[in-house]
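Welcome! Take a moment to look over the protein shown here, and then let us walk through a few of its features together.

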Amino acid sequence: MDRLLGSFLALSDPAVSIDLSLERIVDSRCNEPDKDRAIEAAMRVASALLESAKRSARRRASKHNSNSWPLPFDLTVKVFSMLDTQSLCHAAAACSLFNKCATDPLCYADIDLTAIVPKVNNTVVSTMIQRAGRNLQSLKLGILPTPSSLSEFARCMSYSSRNLMGAPSLSRNERRLRQGRESSVLTRSCLLALSLDGGAAGALLRRLHLYNIDKMDSHALCTALFACQSLLDLEVVGLHVELKRTLDAVSTSCHSIERLFIESSDAGRDDSLNSAACTDLVNGCPHVRSLALRGFKLHDSKVRTLVKGFRCLRVADFSTSFSITGIFLRSLGSGAYAQALEVLILRDCLHLKEVEISNFLLAILGGDCKLLRYLDVSNKDGLSSEEDWNERCYNPSTEILRVREARPGLCLLANFPPDGSFMDIEQANDSDISSGSSLDICNGELSPQYASPLNSSYSSDQGSGNEGFHDVNFAYYDGDGFDEPEFQYA
């Protein structure tokens, strides 16, 4: 075979020689069927020879790349491990050498498959998780909002005490339009690979961020959390999951967690969290430094349990939460661990009372919360009066100016609408949203992990994946009361 193939390759003009030879062979056949079989056999041989030549060319190119590429295999893997997931996939398609390096488990330690328009499905997620194996440290999945949808959301979700409404992080219609074909939709089983083989892939996972996965439910999320016992950072935005079940799973399995960010998909309608769940979370996760529960119905007693219970808490964000009146602030400045809090965000809490904010600012002037560096009490609808939450207070109190003078290192945000005005949801626009009485007082430099350009405006950033804080605006009212005597001043 080698000699025969060698003689073919040695022909000076193979096209003419082979054409004449094949024609004589076909003519020598006695009947038409034999002639057809001879032609088919010649086509098979030609196709096999062509494929063999292509494979040989690829092997030589791969060998050339290996010889000419200046980095050794392990160093190439190290470089590839620093790429984002999309760039890694592009590198893997470049050549066989890069493909071999790009499939190393170390390259999949940080998987980021978030996108504005989803292009992955469960199979892609499962394949990457299995490639990473026990090297997996970070996993980000879901749909991120477009800049245009953010401005539209901020416009449409403006609320007033006349026209109340709530909405998920992204509307169902928007999610379906953005999800497109079923082949690019993540379902409730997209995290199943974390639990396979006894939870090997999820055992060392440190960061899990999930955004607007419409088909994810509480059971699927909790199953994944049970396998992630080393989790340090959990961010859940726009998922249809129950807050209590999620926190129960965290307190049971994720004892080392330090950052917890959960944003409701149904603003003000999740009232599942009870005091026992708050206590279990405090006892089960003593290392929490950053806590954000946004858009949930949280009474002051529950907030107090969380804020006072976490001894290491530095950042607390309860933006757009409901039923919070601010009574928990009365005891915030007292106790052995009262001075630890550095960031407190109560933006757009519909029932937050003006009198409680004033008393808290007086406590700050009196020397409480000395480490507090960032305070946001802005409210699109104004603060609630002491007697009736429908009566709104729009003018910043004099204590704000006094705090500015006494605490120059404190960044204080207090944005309110014009006195006595109401924003019609159908007519509100971006200029309406940003207009009104505002008092942004940021005298000191704020650490990047706390500061965000979105904090000083009324625009909304639903589930962008940023590590800072995002503004969301909802409204929903339930007249559940709260036992105020529990938080009396000393």
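Helix α11 (residues 218-227) packs with helix α12 (residues 243-253) at an angle of about 10°, their axes lying 9 Å apart. Axes are lines fitted to C-alpha atoms, for helices over the stretch in contact, and angles run from 0 to 180 degrees between N-to-C directions. The two helices α11 and α12 are therefore roughly parallel to each other, a label for angles under 35 degrees.

In their contact (heavy atoms within 4.5 Å), S218, H219, L221, C222, L225 and F226 of α11 meet R245, T246, A249, V250, T252 and S253 of α12.

This is a predicted model, in which local features need pLDDT of at least 70, side-chain atom pairs count only at pLDDT 80 or more, and totals for chains, interfaces and linings use all residues. Residues are numbered from 1 along each chain as its sequence is written, and side-chain values use heavy atoms, leaving out hydrogens and water.

The protein has 17 helices and 13 strands, which are DSSP runs (helices H or I, at least four residues; strands E, at least two) numbered from the N terminus. Of its 490 residues, 48% are buried, meaning under 20% relative accessible area, with exposed over 50% and partly exposed in between (1.4 Å probe, protein chains only).

How many disulfides does the structure hold? There are zero disulfides, a disulfide being a pair of cysteine sulfur atoms within 2.5 Å. The sulfur of C95 is 8.1 Å from the closest cysteine sulfur, in C101, too far for a bond.

| Cysteine | Relative accessible area |
|---|---|
| C95 | 22%, partly exposed |
| C369 | 2%, buried |

How values were computed. Angles under 35 degrees count as roughly parallel, over 145 as roughly antiparallel, 65 to 115 as roughly perpendicular and the rest as oblique.
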